[in-house]
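Here are my notes on the model you sent over. Have it open next to you and work through the points in order.

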Amino acid sequence: MSEPEVWLRGPLPGVPPLLQPVAHSLIQCRNEIRATLSALTPAQVWARPGGAASVGFHARHASGSLDRLFTYARGESLSPVQLDALRAESDVDLSDDIASRLALEFEAAVEGAFGQLHATPETALLEPRAVGRAQLPSTVIGLLFHAAEHTQRHVGQLATTVRVVRGE
């Protein structure tokens, strides 16, 4: 019998109860990234079947957007480093180890997110937060949940693109 999906395995230690769905989602994404990126060649990582976004873009964007949305949830503005990373999400890197580096970058983003989830008190979840240059309104919980769903969407697109570039 296979292990149940992450959200059915029970609460994660140190994560506030209202943030458990965010944590479960991020773990599911981390598991998917580990399973799908490992065997790809650099050409497969950057292939754009039918003009779709590449696996590499989805991996970088999932990592970067997770970091950016959690930054907004802390009430902070994006740093120049984060803005540079955003601009470089589509840059092709044909290094032999690109797939493993992208997986490690995603794992680091998830670990950073977990540190923040552990430190976020439930009493702060409804605090207002501003998003982006336009300072659009959100809340801490709105940003954290959107980060999880946005990450899941890109990891799903990554997994589908992997199947296409492998010809499965």
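Predicted model: local features only at pLDDT ≥ 70, side-chain atom pairs only at ≥ 80, totals over all residues.

1. Start with the hairpin. Strands E1 and E2 make it, with four residues between them. Look for Gly-132 in the turn, where phi is positive at about 70°. E1 covers residues 128-131 and E2 covers residues 136-139, and the two pair in the antiparallel sense over four bridges.

2. Now zoom out. The chain has six helices and two strands, and along the sequence they follow the pattern α-α-α-α-α-β-β-α. The radius of gyration is 16 Å, close to the 15 Å that the globule rule gives for 168 residues, so the chain is as compact as a globular protein of that length. Along the principal axes, the C-alpha atoms fill a box of roughly 50 × 45 × 25 Å.

3. How much of the chain is buried? Of the 168 residues, 42% count as buried. The contacts are worth a look too: among those between residues at least 6 apart in sequence, 70% join residues at least 24 apart.

4. In soluble globular proteins, nonpolar side chains tend to be buried together. Here the largest nonpolar core has 41 residues, and Val-22, Leu-26, Leu-37, Leu-66, Phe-70, Leu-117 and Leu-144 have the most contacts inside it. H1, helix H2 (42-46), H3, H5 and H6 each supply at least two residues of this core, with the largest share, 10 residues, coming from H5.

5. On to the charges. How many salt bridges does the structure hold? There are nine. In one of them, the side chains of Glu-89 and Arg-68 meet at 2.9 Å, N to O. Glu-89 lies in the loop between helix H4 (80-87) and H5, while Arg-68 lies in helix H3, so the pair ties together parts that are 21 residues apart in sequence. Are the two partners buried or exposed? Glu-89 has a relative accessible area of 5%, so it is buried, and Arg-68 is buried as well, at 7%.

6. Arg-74 and Glu-76 meet in a salt bridge at 3.2 Å, N to O. Arg-74 is partly exposed, with a relative accessible area of 38%, and Glu-76 counts as partly exposed at 40%. Glu-127 and Arg-129 form a salt bridge at 3.1 Å, N to O. There, Glu-127 is partly exposed at 34%, whereas Arg-129 counts as buried at 18%.

7. Last one: have a look at Asp-93, Asp-97 and Arg-101, which are linked in a network of salt bridges.

Definitions and conventions. Residues numbered from 1 in each chain as written. Heavy atoms only, no water. Core = buried A, V, L, I, M, F, W, Y, C linked by side-chain atoms within 4.5 Å. Buried < 20%, exposed > 50% of the residue type's maximum accessible area, 1.4 Å probe, protein only. Pairing = 2+ DSSP bridges. Salt bridge = Lys/Arg side-chain N within 4 Å of Asp/Glu carboxyl O. Rg over C-alpha atoms; globule rule 2.2 N^0.38 Å. Contact = heavy atoms within 4.5 Å.
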